[in-house]
Amino acid sequence: AVPSLLRCPPAMLRDEDTEADFQSFLRRVDEVANLLQGLNSSDSAVKEEAIAETEKRLQEEGASREEEESRTTVNRTVINTSVRAFPSEIKAGHTSGAFLAALEKDAKERARRRKRNEQLANALKEKGNAAFREGDFALAIQRYTEGLEKLRDKQELYTNRAQAYLKLHEYEKAISDCEWALKCNKNCLKAYFLMGKAHLALQHFSECRQCYEKMLQIDPRKENLFKDCVNEANLEEKRVRDEERAAREVQAGNAAALSIQELLQRINTPGQDILYYTAGIRLLAEAVNSCTGQTLFRTNNGFSILGKEPVRGAFCAEKKSPAEVELCVSLLLLWQAACAGNEENQRLLLAQPEVSAQLPELLSSGAHEIQRETLALISLCSENESGRRLLARQDLTSRLQMLIELVRNTDEEADSATSIPSDLIVADRFQAQCRVLLSRALFTELMGRFRPVNRAGTALPAGMVGTVGSLCADAEVRAQLAQSRECWQACLDECSDGSSPENSQRVLAALGLMMNLLLESNDTIQDFAVPISGRCLALLGHQDGRIVTGATGVLSRALPASPSAVEEVVKGGVVKKMLKFLKVAGQLTASYAIKTLSVCTKSSRQAQEELVKWDKRFQVLLKLLESENELIVGNAAFCLSQCLLIPGAAASLLGSNVVLLLLRQAGGDAQRTSVQQNSAIALGRLCKAEPRHIPQLRKLNGFAILNCAMKYVHSS
């Protein structure tokens with residue numbers, strides 16, 4: 001028997017008769033198999049005993065009718081034990097050959113009937129699916145049940161019926177069907193998924209998570225689905241725990257909890273004027289200042305305030321009076337208090353049609369304070385994944401246009417406005433809309449705020465450059481913006497001063513934006529490569545290590561665009577600075593530094609000579625050849641091969657383990673072929689420049705390894 005894979009709660013319904021029948025069936029299969037083994041035995045005594053036992057069973061069960069078709073996938077063709085299925089000569093002759101022939105005939109007959117029943121079951125499944133699509137879940141269940149009467153081991157009928165039971169909130173029955181589906185197919189993802197949903201509805205959170213974990217074990221590619229399901233379970237469990245705690249607070253007579261209930265009752269008093277509701281909502285916003293307060297606001301139908309007049313009228317009015325503006329602002333403040341860090345409340349708020357429809361209108365409101373508080377509310381909701389998803393389901397194009405307009409407002413509002421698309425950029429739909437909306441003209445509007453000359457004495461709003469950098473994650477937007485000269489000039493301006501903490505954040509954001517844009521290649525980048533490289537070289541002495549890492553990264557991507565830029569930074573001492581970073585910096589900075597050195601040594605003789613001069617006996621490069629990072633190893637091997645063109649460089653490596661290190665990389669199984677290629681080239685140049693390395697190469701069977709590595713060397 002297949003054991004139950006998950007613990008089920010005591011209250012869950014069981015089909016005990018069916019389970020007992022199932023176990024009995026399995027025992028009969030084993031018994032018949034043993035009889036067949038006895039009939040085929042070479043031992044005459046064993047064979048006679050098996051024949052006698054067979055005769056006894058035939059007589060005992062001669063009057064019985066055959067049972068239903070195969071019930072599990074253990075053995076879909078069930079052996080018929082009734083007398084009528086066997087020819088009379090079996091009883092007369094007791095020959096094993098005749099018995100086996102009868103079994104074969106019976107098996108074929110059963111296979112024929114099974115095929116017919118499978119066709120009927122499939123037809124009933126399709127009828128059930130049609131009823132499900134039309135929303136007639138009871139009829140769907142009936143059709144699936146009729147299908148199971150034809151074929152008891154059809155997994156799809158169990159999972160489809162379980163899904164229909166879920167729609168009718170019959171969760172125990174859904175779990176039972178999922179368990180039967182797993183008896184048919186122990187790796188049925190749909191069964192675990194639906195069982196997890198049913199357990200979640202019953203608030204069996206541990207069992208729910210077990211189902212989702214089993215899904216991930218079966219198919220690791222379902223990691224995103226697993227995360228979504230577990231997150232849903234976590235939020236639901238938090239909601240339940242919060243509501244239980246809030247109920248205890250009320251029962252204990254907590255004054256703050258009782259005040260929220262009292263305020264909500266007073267606000268729901270009909271027939272009051274607009275000032276009455278405004279004052280009540282303001283007081284309520286101050287009271288909802290904790291998780292318990294937010295929960296009580298939700299459980300006492302706090303979001304229904306919007307349905308009261310004159311609250312709804314003021315909120316939806318196109319032209320608002322001063323009193324209506326004050327009421328609208330109060331309502332927005334209340335929602336901010338109720339939704340801050342509370343994803344369940346955010347879901348309920350954004351699910352209201354009036355809220356979804358009015359938020360874009362409020363952003364374009366003529367009342368400055370309404371715009372400000374609407375921005376704050378949207379920004380608050382976009383800080384977490386579930387809130388971003390709720391916002392991404394709505395029409396974002398018009399909303400983004402309004403946000404861009406708000407960039408022109410005060411610094412605080414512009415900061416809130418640009419943080420929203422930065423948070424929402426994870427949504428594919430938002431990215432698609434940004435691709436259409438973010439034309440160069442619109443980008444220039446954003447970048448116009450970057451330049452101090454346009455806002456003399458005013459600091460750039462935090463997050464502005466970071467937002468644009470996030471938008472540049474989209475390839476089409478990035479390609480468009482990388483051609484903007486205004487963009488590059490603004491980035492250079494932002495990198496001019498990073499002395500204060502606030503300025504440091506802006507420099508970091510600008511460096512990040514340039515890293516994104518430098519994934520492109522165009523004439524504009526070539527034109528700006530020299531000033532970009534010069535600005536980054538100046539930042540290498542910054543006290544903030546993050547800025548140093550960012551500047552090194554930008555250098556590694558900007559230098560390949562311009563030989564002139566390489567010449568300038570080499571004159572500025574970049575080789576010595578990169579070697580210093582390689583000795584003490586972390587892996588990320590080291591990967592940027594060695595890439596910068598490889599670009600410089602590729603085209604600059606001076607860079608090669610300085611690397612030989614400052615890296616005595618290539619101690620730094622040899623250490624990098626032992627790194628586990630393939631990018632670092634490949635670039636280190638490239639730098640070494642370039643430096644071996646300098647007279648005397650190869651001789652300085654005599655007595656070192658350079659041949660062993662390069663052979664290990666040339667004959668290794670690195671995924672990046674540049675590792676093998678650069679290592680093989682370096683070995684060739686090493687032995688050509690200094691033949692005294694050849695005996696060591698021969699001793700290590702290096703020629704055979706090099707011969708194999710030559711397939712990676714195209715033209716060098």
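Student: Is C328 buried or exposed?
Tutor: C328 has 1% relative accessibility, so it counts as buried; bear in mind as we go that this is a predicted model.

Student: And how many disulfides are there?
Tutor: The count comes to 0 disulfides. C328 is in no disulfide, and the nearest cysteine sulfur, which belongs to C316, is 8.9 Å away.

Student: What about C687, buried or exposed?
Tutor: C687 is buried, because its relative accessible area is 11% and the cut-off for buried is under 20%.

Student: Stepping back, how many helices and strands does the protein chain have?
Tutor: The protein chain has 39 helices and 0 strands. Of its 716 residues, 48% are buried, and the chain exposes about 34300 Å², with carbon and sulfur atoms supplying 49% of that area.

Student: How far apart in sequence are the residues that contacts join?
Tutor: If we take the contacts between residues at least 6 apart in sequence, 69% of them join residues at least 24 apart.

Student: Let me pick a helix. What span should α12 have?
Tutor: Helix α12 covers residues 274-287, and at 1.5 Å a residue its 14 residues should span 20 Å, which agrees with the 20 Å between its end C-alpha atoms.

Student: Which residue caps its N-terminal end?
Tutor: That is D273, which places a side-chain oxygen 3.3 Å from the backbone nitrogen of L275.

Student: Which residues of α12 are buried, and what covers them?
Tutor: The buried residues are I274, Y277, T278, G280, I281, L284, A285 and A287. Their cover includes α11 (255-267), α13 (291-299), α14 (311-316) and α15 (322-339).

Student: New topic: where does S598 lie?
Tutor: S598 lies in helix α32, which runs over residues 587-603, and with a relative accessible area of 5% S598 is buried.

Student: What is S598 in contact with?
Tutor: Setting aside neighbours within four places in sequence, S598 is in contact with N635, F638 and C639. With N635 there is also a polar contact of 3.4 Å between the two side chains.

Student: Last one: which residues does the "repeat: TPR" annotation cover?
Tutor: According to the UniProt record, an unreviewed entry, that annotation covers residues 189-222. Over residues 189-222 the model is 79% helix and 0% strand, and the end C-alpha atoms are 10 Å apart.

Key:
Residues are numbered from 1 along each chain as its sequence is written. This is a predicted model: local features need pLDDT of at least 70, side-chain atom pairs count only at pLDDT 80 or more; totals for chains, interfaces and linings use all residues. Side-chain values use heavy atoms; hydrogens and water are left out. Helices (H or I, at least four residues) and strands (E, at least two) are DSSP runs, numbered from the N terminus. Buried means under 20% relative accessible area, exposed over 50%, partly exposed in between (1.4 Å probe, protein chains only). Contact means heavy atoms within 4.5 Å. Accessible areas come from the Shrake-Rupley method with a 1.4 Å probe; for residues, only the protein chains shown count as cover. UniProt positions are given in the numbering used here, feature names are shortened, and annotations may be inferred rather than shown by experiment. A disulfide is a pair of cysteine sulfur atoms within 2.5 Å. The expected span of a helix is 1.5 Å times one less than its number of residues. A polar contact is a pair of N or O atoms within 3.5 Å; within protein, one must be able to donate a hydrogen and the other to accept it, and residues adjacent in sequence count only if both atoms are side-chain atoms.
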